[in-house]
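Open your viewer and keep the selection tool ready. Follow the stops in order.

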Amino acid sequence: MAEDAAVTTEVVLRVAELANLDLKAEEVPRMQRDLNAILGHIAQLNELDTTGVPAMAQVGQMLGAEAELTGEALRADTVRPSLDRKAVMAAAPETDGRFFKVPKVIER
Amino acid sequence: MTIEQIRAAIANKTTTATAVAEQHYARIAAEDGPDGKNIHSFLALSRERALAQAARIDALAAQGEELPPLAGVPVGIKDVLTMTGSPATAGSKILEGYMPPYDATVVQKLEAAGAVLLGKLNCDEFAMGSSNENSAYGPVRNPRALDRVPGGSSGGSAAAVAAEFCVASLGTDTGGSIRQPAAFCGVVGMLPTYGRVSRYGLIAFASSLDRVGPFATNVRDAATMLSVLAGWDPMDATSSDREPADYVGALQNPVDGLRIGVPAEYFGEGLDPEIRAAIEKALDGLRGVGCEVKPISLPHTRYAIPTYYVIATAEASANLSRFDGVRFGLRAEGVKTLSAMYRETRDQGFGAEVKRRILLGTYALSAGYYDAYYRKAQQVRTLLTRDFLAAFEQVDAIVSPITPTPAFHLGAKTDDPVQMYLEDIYSVAASLAGICGISVPCGQTRAGLPIGVQVMGRHFDEQTMLRVGLAIEAGQA
């Protein structure tokens, strides 16, 4: 993460593609400017030597035995009612009541 | 009115829950909209549900039954939590009109405790912001100074309590989004320990950081709210099965002999002198009631913001991938293929700040950058957390500012994301470490803007944090 690793227009467009964001042409320069400013600030982390420091993904890792806080606790595997299908499908943009409908998947 | 005053008044029949709800709806109707003060704290009102609940409480009172702790108390819910019968927008166009099929656990708990839920509160889009100016439905104004921001992202939740539209509210805090708006609006806002309060039914922003917590007008009410909200939830794999403490009962314990740490790193350059003076006065008050106030060091504090903005955006980029136009919310019209539908929907549905954070998070997680950004930030998160664990071996609570400045003017920082992110300088470290925190009003500036002071406590030691908060509050009177 070098300070000189400036994000180019091409990188902005590539990242947008990865994120499934279709940026309008006029949005790109502003995003490029902002990403570079924020990454410039983030580069401060390079000042720290973190050799041998464990990565912290969840709070519970720092508290010893608290499996719940690491997202590792599982509830009992019992059958329980799920959400009402009608209520869920009612929120869908397009549905036949049983399935979600989407535009053509194969693009040719 | 406090929670206990309302409950007592309903119990002894000087008023009814229905009358209390109607009074609050009348105030909202008069002041929240463009014909009033245009505070714009509510995005939706849940009148039918609220009045049905009020009628249930009134029936209990008529029968002379013991009333539950929040009986008849009007509460507002931040619009990132689900509540059936009301839309859940998360402040985003991508969820405009979305009707959730289930209640968040905290919504169920509040109603089971007798609360009357008045409606859904405005917030920054997907809780991303420090001023509430990122709401797709328009900004919230600070009731204490209408030309200023209420803070964010739970700006509506803080403003609604400050304007007396509700007696308490729920917010969420990922990097400061409860404590900072509480300070800006002159109310109490609490960040419970990570895992203390269920997040089932919370629209996720950054899962290793997101927390749900209360706003109230005073510390005791915040403790009452926590006692209702806290506890294990089988529907949230990250909720803790530790038994909640007696948060209200703990307030009776005196604070003399408690060791209070004051971190030098929170009083550096950039701290408004009036805020510094107010915190020092609060610390004098704590000395006066027998606390031992001592300097401590949290040496990695200056790295908290860059660490936070890597981790939070990385997690957000993953969480927000579910908004794709397939199952709920907006779908772009007239698009011929699936992949174009995804991209077009997300371009139309997300605002600029959300896109900025998705891009930053995607970049930080992308091939070749993962170790340099995401892994590095997770390592620094360990160092930041170790700072707190070491400090809490020497002190029982930590007192610091929560914001570097009082509420700023609407529009003052919208053009510079780095300046906006620096607003979170005193709040994000506690978020990263998972400890609890509370913002308590402690005076105002000469211009009349509220000042907040932050008390931070050990993991799962909300009791001590609340006691210190109460002592500070008592010293203001």
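**Stop 1: a lysine in chain B**

Select Lys93(B): it counts as partly exposed because it has 17 C-beta neighbours inside 10 Å. On this scale, 20 or more other C-beta atoms within 10 Å make a residue buried, 12 or fewer make it exposed, and partly exposed lies in between, with C-beta atoms placed from the backbone. This is a predicted model, where local features need pLDDT of at least 70, side-chain atom pairs count only at pLDDT 80 or more, and totals for chains, interfaces and linings use all residues. Residues are numbered from 1 along each chain as its sequence is written, while chains are lettered from A and ligands numbered from 1 in the order in which they are written.

Lys93(B) sits in the loop between strand 2 (74–78) and helix 4 (105–112) of chain B. Helices (H or I, at least four residues) and strands (E, at least two) are DSSP runs, numbered from the N terminus.

Beyond the neighbours within four places in sequence, Lys93(B) is in contact (C-beta atoms, placed from the backbone, within 7 Å) with Ala136(B), Leu330(B) and Gly349(B).

**Stop 2: where the chains meet**

Select the contacts between chains: 60 residues of chain B meet 50 residues of chain A. Colour helix 12 of chain B next; with 13 residues, helix 12 gives the largest share of chain B's side.

**Stop 3: chain A**

Of its 108 residues, 21% count as buried.

How values were computed
Two residues are in contact if their C-beta atoms, placed from the backbone, lie within 7 Å.
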